[in-house]
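Here is a brief report on a single protein chain.

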Amino acid sequence: MVEPNPRPEPAPPPEPGLPSEPRPGAPAEPPQPQAADRLRDILLTPGYLKLLVFCALIGIPVSLAAFWFLVALHELEHFLWADLPRHLGWNGPAWWWPLPLLLVSGLIVGPVVARLPGAGGHVPASGLHTGGTLPVTLPGVLIAALASLPFGAVLGPEAPLIALGGGLALLFRDLARVPATPQSTALLGAAGAAAAIAVIFGSPLVAAVLLIEIAGVGGPRLSAVMLPALLSSGVGALVFTGFGRWTGLQTGSLGLKLPSPAPRLDGPDVGWALLMAVAIGIAMRAVLSAGQKVGAYISGAVVVRTVLCALGAAVCAALYALLTGRSPAEVASSGQSTISALASSPHAWSIGALVAVLALKGTAYTLCLGGLRGGPIFPALFLGAAAGVLLAPLPGFGVLPAMAAGMAAATAATLRLPVSSVVLVALLLGSPDLMPLVIIAGAVAFITAELLPAVSVDAGDASRA
C-alpha cells in the first residue's frame, strides 16, 4: 500500500529585511514593476494627462477668486474696526465695540449653519478638511465666513479658502463636462484647495505640504515616519551647528548669507523651548477639546447657541480692553495683523497685557472654534507667539527663539499637522538658524498633545459639515 504524500511543511518566514528565496520546484513569480515604471505608466495615461492640464488651468480662476475673497474680508474688517469708529469721532474701537458686531455675526451664522447646505463649512474645532465641498455648499461657506471673520471671530481665513478652492474646482469640472469619478473629485478638490490656500500663505510650498497632511496621504503612518525624521534632523542640526562653533572648523554648506544677523541658539534656548513646547501642547489640546465640546453643545439648538457663543467671544474682547486699555481688536481678530506688531515691538506689551490676551483670546478662540466659521491657524500662531514673548525673560531665553518655539508648538498641537506647522513657521520667520528649534518644539508639542486622552463628544456634534 502506497502511503499518500505527506503535506509539505510551510516554508519559514523570511527574516526581516531579507528577500525570500523561491522554494525548489515552485513556479517563478513574475517580476514586479518598479516604482518608476508604475509612475511612468500613470503619467502616460491619457485621462491622467488631461486631468493634469485641467488642474493647471483651474488654478487661474481659483487663485483670482481667492484673491478677491481675501480682499473683501480685509476691506470689510478695516471698515468695521477702523473706518467706522473714525467716522463716529473715535480714535479706535471702544471697549464695547465687539458686542454689536459679534451679535450680528451670530445672528447671520446661526441660520446659515442651520438651514443652508453644507452648514456654512466645517466646524473649525474638527480640523482642516479638503473633501466634501460641493458647489452647492459654496454660498453658505462664503456667507458664514464673511459674517464671522471681519466681525471679530477669533479664526483665520484658511478653512473657507480651502472650501472655496475645492468647490470651485468641482464646479468648473461640471461646467466643462469632465467625467465625475472618485479619482477626479479627489484630485481636483485637492488642486483647487492648494491653489486657494497658496494665496493666503504666499507660498506654494506651504500649500502643497499642508494639503498632503490634510488629505491624509499615508494616514497615521505618515506622522509615525515623519516624527522621528523631524526630531533627528532638528537634534542633528543643533549638534552640527554647535560643534562647528566650538571647534571653529568649516565643512561647507548650502546656504545663503542673510544681511541681518540671526540669533545664536544655546543650551538655555533649547531647554526652555522644550519645556514650553510641552506646556503649550497641553494647553492647546485643552483649547481644541473644549472647542469640540462647544460644537457639540451648539448642535442642540444651533441658532440660539451660536449667538451665545459669538456674544461670549465679544465679552472676552471687551473685558480685555477694559482691563488693559488696549484695543479690543487684539482679541477679536484672527491675530494675522496683530502678530506682526507683536513681533516688531514685543516690549510694547506689558506682562499683564500678555497674560490677559492669552487668557481672554484663548477663551474667545475656544468659543469660535465650536460656534463660528473660519480656520484655526492664525489664532494658534498668535497665541504661541504671545506665550513666547511672555516667557522670553527666563534666564538665557531670547525673544526670537521663544517666539519661534511658541508658534511652532501651538500650531503643531492645534492643527495636528507637524510637518506643515514646521514649514509654515520656518517660512514666516525666514531664519534658517531657528529651524532646529522650530522642528524640535513642533514635534514635542505634537507628541505631547497626541498622548493626551482624546475628547469624547456626542454623535450629533458639529462635524455635520
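Start with the contacts. Among those between residues at least 6 apart in sequence, 79% join residues at least 24 apart in the protein chain. The model is predicted.

The secondary structure is quickly told. The protein chain has 16 helices and 0 strands. Of its 465 residues, 44% count as buried. The chain exposes about 23,300 Å². Carbon and sulfur atoms supply 68% of that area.

| Helix | Residues |
|---|---|
| α3 | residues 98-115 |
| α14 | residues 399-415 |

Take helix α14. How far apart are its end C-alpha atoms? They are 24 Å apart. At 1.5 Å a residue, the 17 residues of α14 should span 24 Å, so the two values agree. Is α14 largely enclosed or open? Of its 17 residues, 15 are buried, so the rest of the structure largely encloses the helix. Buried here means under 20% relative accessible area. After α14 comes R416. The phi of R416 is positive, near 60 degrees.

Now turn to helix α3, where V104 is found. The relative accessible area of V104 is 35%. Buried means under 20% and exposed means over 50%, with partly exposed in between. V104 therefore counts as partly exposed.

Notes: Residues are numbered from 1 along each chain as its sequence is written. This is a predicted model: local features need pLDDT of at least 70, side-chain atom pairs count only at pLDDT 80 or more; totals for chains, interfaces and linings use all residues. Side-chain values use heavy atoms; hydrogens and water are left out. Helices (H or I, at least four residues) and strands (E, at least two) are DSSP runs, numbered from the N terminus. Buried means under 20% relative accessible area, exposed over 50%, partly exposed in between (1.4 Å probe, protein chains only). The expected span of a helix is 1.5 Å times one less than its number of residues. Contact means heavy atoms within 4.5 Å. Accessible areas come from the Shrake-Rupley method with a 1.4 Å probe; for residues, only the protein chains shown count as cover.
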